[in-house]
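Dear colleague,

I am handing over the structure below, and after it you will find notes on what turned up. Please read them with the model open beside you.

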Amino acid sequence: MSCLRRQLSTLCLLLCTVLSAFAIPAKKWAAQWEPTKLVNGSPVLFRVAAPLQLAELNGNFLGQEFSFRSSRACHCWYGFAGVSLATKPGTYTLRVEGKSAGGKETAMNYLVRVSAAHYPTSTITVAPAFVEPPKELDPVIAAADAAKKQAFSATDPTPLWSGAFERPTDTETSGVFGSARVYNGKKKSQHLGLDFRASTGTPVHATNAGTVILARALYFEGNCVMLDHGQGLVTVYMHLSEFKVKEGDKVAAGQLIGLSGGTGRATGPHLHFAVRWRGEYLDPRTLLELHPPGS
Ligand SMILES: [Zn+2]
């Protein structure tokens, strides 16, 4: 028995030594990103190890500033950013700047390659009023635009999300992000979300923790919920038949926020799920596939 105990304490000592060897700070700078192959329209999760005990770490990528969070799970700093759909293929700089508790500053640059995404084309048929809305609906559409604009401007300065983003429903996906769409043979646009097959009444869950910044009926989106996850990251759930939250509510990851439906410009009941970061729509599938530390 005492022998087993001794073996266990030796094992613990060994483990503790190994773990502390990976603790922040690292011997030198190191950075990784997910997905490893970035394309235009992709969310990106950066992980950075710094050679100094830092109190804060900030990043700049594609002209956007964002802050990193430290994690014991990865012994690293991690931060969320995005590559807009309009980004041209090329090599871009990730700049990271850290500051120690004593005020010592340190910085590093990394070159990040962005390739061109290949998004498909599809043809969609909807009610004509959703392709060329009648004049009398101008005020309705203008009110919806104003509500969206206000919601998008109300982002929390700190990240509210943690761990992996989970799927909003258990159902299969249909329409993918980025596909070029031709509505009724006329209007062309790009599909800026991920569609989930969902009959009316299917439970829709918050993909991560956040604040409800919009929960109302909009012309094109139908009954729509928007969740702010902080620092400009917003998830959007459209065409709902019912709301289960109201504006201002704090929601936990996985919380029921509504029931799916076919309201607004929809070909039938389904869930349109979108991801917006700093005014740009990003590929929701990639967000759902990220592995943030601790997930
Ligand atoms: Zn859709």
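**Zinc site**

The zinc ion is coordinated by His191 through NE2, Asp195 through OD and His272 through ND1, at 2.0 to 2.2 Å, where donors are N, O and S atoms within 2.8 Å of the metal (3.2 Å for Na, K and Ca), and sites may look incomplete as water is not among the atoms. Along the sequence these donor residues follow the spacing H-x3-D-x76-H. Histidine 191 counts as buried because its relative accessibility is 4%, and aspartate 195 is buried with a relative accessible area of 5% (buried means under 20% relative accessible area, with a 1.4 Å probe and protein chains only).

This is a predicted model, in which local features need pLDDT of at least 70 and side-chain atom pairs count only at pLDDT 80 or more, while totals for chains, interfaces and linings use all residues. Residues are numbered from 1 along each chain as its sequence is written, and side-chain values use heavy atoms, with hydrogens and water left out.

**Strands**

Strands are DSSP runs of E with at least two residues, numbered from the N terminus, and two of them pair if DSSP finds at least two bridges between them. Five strands make an open sheet with mixed pairing, in the order S2-S9-S8-S4-S5; its edge strands, S2 (38–39) and S5 (64–67), each pair on one side only.

Strand S15 (residues 210–218) has seven of its nine residues buried. S15 runs antiparallel to S16 (residues 222–228), joined by seven bridges, and the two form a hairpin with three residues between them.

Best regards

Technical notes
Buried means under 20% relative accessible area, exposed over 50%, partly exposed in between (1.4 Å probe, protein chains only). Helices (H or I, at least four residues) and strands (E, at least two) are DSSP runs, numbered from the N terminus.
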